[in-house]
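I opened the model to look up its surface, its strands and its metal site. My entries follow in the order of the look-ups.

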Amino acid sequence: MTFKMFFAGAVAMLFGVVTPAQEWKSGVDWQEPPVVSPGHRNSDAPSDAIVLFDGTTLSEWDNGDQWVVEDGVAIPEKINISTKRSFADIQLHLEWAAPKTIEGDGQGRGNSGVFLMGLYEVQILDSYKNLTYFDGQAGSVYKQTPPMANAMRRPGKWNTYDIFFKTPEFATNGELIKPAYLTVLHNGILVQHHFELLGPTAYLEAPHYVAHADKGPIMLQNHHDAVRYRNIWVRELVPPQGHRVSAPFTLPAKADVAPADED
Ligand code: MG
């Protein structure tokens, strides 16, 4: 190896410089990702979100007229509410606060819940210095797994949930092909990391999958506690788009590389 080759190799290693012929390419012609304008704050709805509650009306929800909407918040009453729209894979943002005045304990204190596809519950509970079964506290996937941390703010203070949900997939004969997955940030803290759901939330029996539609509504639970909600929005998740135009280009095996000129 000449000094020139050694020097070029050293430069390439230092700066990651490779010649076009050596560069790995996926062979996929990717479409440009959509431009999305974020909200002013990260908790604000971005430009492609569907706003489900902006503090004024629950008109996006079936039975929304059964809940109380006042002073920019929504409070559970009488019945669960479900979005009129159905969703598959989503990113969901919502903000909630447990009642400032503490009443009850355990599951009886600040209980509500958000059900993805109307079936899979991320628990909402006042878990600030309020022990209950751990797979039933705030940030848990109810009766399936506790959160990795208790990120609860004190009663009356606002909490954020950012939920990322992947729907399950079923074969035409009803068999499960892929389970559902959940990732949850509670007040910006990762409490569920791509958790594999065992099935829909069940209270009296073990969770198990039963084939259902590709899309479902988001449901908020009325558990007879005056939990407050505000700022709820959802984004429908679309994978990056592209199509293969060639096989991936991979570096040839070493033996195939033509011997370098020696001078
Ligand atoms: Mg609940």
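Surface. I looked up the accessible area and found that the protein exposes about 15400 Å², with carbon and sulfur atoms supplying 56% of it. Accessible areas come from the Shrake-Rupley method with a 1.4 Å probe, and for residues only the protein chains shown count as cover.

Provenance. I note that this is a predicted model, in which local features need pLDDT of at least 70, side-chain atom pairs count only at pLDDT 80 or more, and totals for chains, interfaces and linings use all residues. Residues are numbered from 1 along each chain as its sequence is written, and side-chain values use heavy atoms, with hydrogens and water left out.

Overall counts. I find 1 helix and 17 strands in the protein; these are DSSP runs numbered from the N terminus, helices being H or I of at least four residues and strands E of at least two. Of the 263 residues, 41% are buried, where buried means under 20% relative accessible area, exposed over 50% and partly exposed in between (1.4 Å probe, protein chains only). I also checked contacts, meaning heavy atoms within 4.5 Å. Among those with a separation of 6 or more, 65% are between residues 24 or more positions apart.

Sheet. I traced an open sheet of 5 strands in the order β3-β6-β15-β8-β9, with antiparallel pairing. β3 (61-62) and β9 (120-124) each have a single partner strand, so one side of each is left without a neighbour in the sheet. Two strands pair if DSSP finds at least two bridges between them. β6 (residues 81-83) and β15 (residues 219-220) pair in the antiparallel sense over 2 bridges, and I81 has L220 as its bridge partner in β15.

Metal site. Which residues coordinate the magnesium ion? I list N111 (OD1), S112 (O), E121 (OE), Q123 (OE1) and Q221 (OE1), at 2.3 to 2.5 Å. Donors are N, O and S atoms within 2.8 Å of the metal (3.2 Å for Na, K and Ca); water is not among the atoms, so sites may look incomplete. The donor spacing in sequence reads N-S-x8-E-x1-Q-x97-Q. N111, in the loop between β7 (90-97) and β8 (112-116), and Q221, in the loop between β15 and β16 (228-236), link distant parts of the chain, 110 residues apart.

N111. Is N111 buried or exposed? I find N111 buried, with a relative accessible area of 2%; Q221 is buried too. A polar atom of the N111 side chain lies 2.9 Å from the backbone oxygen of Q107. Leaving aside neighbours within four places in sequence, N111 is in contact with Q123, I124, L125, Q221, H223, D225 and V227.

Conventions:
A polar contact is a pair of N or O atoms within 3.5 Å; within protein, one must be able to donate a hydrogen and the other to accept it, and residues adjacent in sequence count only if both atoms are side-chain atoms.
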